[in-house]
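Colleague: Could you take me through the labels on this model? I'd like to hear what sits behind each one.

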Amino acid sequence: MQQPAEQYAPQRARGKGRLVTKPLDGRTRLAEFYQEGCAKIRLPETFSPDMEAILINTSGGLTGGDVIEWSVAASDSTRLTVTTQANEKVYKASAGTASVTTRLAAGANASLHWLPQETILFDQSSLSRRLDVDLHETAEFLAVEAVLMGRQAMGERLRHGLFRDRWRVRKGGRLLHAEEMRLDGEIDLLGSGNATLGGETAFATILYAGPLAEAMLAKVREVLGNGNGGASCWQGKLIVRMIAPSGFELRKVLVPAIAVLRNGAPVPKVWNI
């Protein structure tokens, strides 16, 4: 006898991707590569000694119960930039919470730039995200995470949902940076206060850990100007926070700030496609 439709569990997306680099003849080359399920990785030609990796979620977005895991390691003396093909969209969750876990590592004298495009949270979405980073004392690391609460051009706004973001960054085995964000329930109301987002709907965090942190501070502050953003530097790390009324306005400051911290190099080309 056929069972009622409500007894069938909804289909959920699952994906795992792993990438490890190695140095070879002065260039960054592939040492390990693995992809499973909806998690795909593409390696475009860079015409330079560095490597660029593009992460793709082929499910087209996330919803409650989806699980994706990324693992990326830049081994000793390699240079790697990791980005995403497009914005990650997190749709309304009928049940459960989407989970995204990212584990990054950079070896001795390695450079790892984590530059995913913005995450878009739709109304009644539910996402728990975790970023774990392990750095050698001599490694350089740049991380950017930007979030849009709905698509302003479409008249959308995130009013209710769950967004949790957990960062743990270690350098030489010691905790360098930790933060925990949780927006739960009436997010629109939570973000309206001056101590949170001041009613803005787009925000970003940038973390740079490397030898140029202190030298870059004044340049980053110049890019931020008198807008809704700030930058601080201590203990060998530089932190930038910014908010904006829309994704477009956020990018107007975010992109040049990233370029400064990449010593003039632009954001990956897929950001402009």
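Colleague: Why is Y91 called partly exposed?

Modeller: Buried means under 20% relative accessible area, exposed means over 50%, and partly exposed is in between, using a 1.4 Å probe and protein chains only. Y91 has 33% relative accessibility, so the label is partly exposed. Before we go on: this is a predicted model, so local features need pLDDT of at least 70 and side-chain atom pairs count only at pLDDT 80 or more, while totals for chains, interfaces and linings use all residues. Residues are numbered from 1 along each chain as its sequence is written, and side-chain values use heavy atoms, with hydrogens and water left out.

Colleague: Fine. How many aromatic pairs does a search of the whole structure find?

Modeller: The search turns up one. Rings of Phe, Tyr and Trp (its six-membered ring) pair if their centres lie within 6.5 Å; planes under 30 degrees apart are stacked, over 60 edge-to-face, and the rest tilted. The ring centres of Y91 and F122 are 4.8 Å apart and the planes are at 40°, so this pair is tilted. The two partners are 31 residues apart: Y91 is in the loop between β7 (88-90) and β8 (98-106), and F122 in the loop between β10 (119-121) and β11 (126-135). Strands, by the way, are DSSP runs (E, at least two residues; helices are H or I, at least four), numbered from the N terminus.

Colleague: And F122, buried or exposed?

Modeller: Buried, because its relative accessible area is 13%.

Colleague: What makes a set of residues a nonpolar core?

Modeller: The members must be buried Ala, Val, Leu, Ile, Met, Phe, Trp, Tyr or Cys, joined through side-chain atoms within 4.5 Å. The largest core here has 45 residues, and L80, L112 and F141 have the most contacts inside it. Contact means heavy atoms within 4.5 Å. Leaving out residues up to four places away in sequence, F141 touches L104, L112, W114, V133, L135, L207, Y208 and A209. There is also a second, separate core of 32 residues, with I120, V144, V240 and V270 among its members.

Colleague: How do you know that L142 is buried?

Modeller: Its relative accessibility is 0%, so buried is the label. L142 lies in strand β12 (residues 140-149). Beyond residues up to four places away in sequence, L142 touches several others, including L112, W114, L207 and I258.

Colleague: What about I239, buried or exposed?

Modeller: I239 is buried, because its relative accessible area is 6%. You'll find I239 in strand β17 (residues 237-244). The C-alpha atoms of I239 and L207 are 4.8 Å apart in space, though 32 residues separate the two in sequence.

Colleague: Why does T102 count as buried?

Modeller: T102 has 5% relative accessibility, so T102 counts as buried.

Colleague: Over to the surface. Which residues form a nonpolar patch there?

Modeller: L30, F33 and L43, with about 220 Å² of accessible area together. Patch residues need over 30% relative accessible area and no salt bridge; nonpolar side chains (Val, Leu, Ile, Met, Phe, Trp, Tyr) are joined within 5 Å, like charges within 9 Å. The areas come from the Shrake-Rupley method with a 1.4 Å probe, and for residues only the protein chains shown count as cover. F33, in strand β2 (residues 27-37), is at 36% relative accessibility, so F33 counts as partly exposed.

Colleague: Which residues are linked in a network of salt bridges?

Modeller: R130, D132, R164, R166, R168 and E180. One of the bridges joins E180 and R166, at 3.7 Å between the closest N and O atoms. A search of the whole structure finds 16 salt bridges.

Technical notes
A salt bridge is a side-chain nitrogen of Lys or Arg within 4 Å of a carboxyl oxygen of Asp or Glu.
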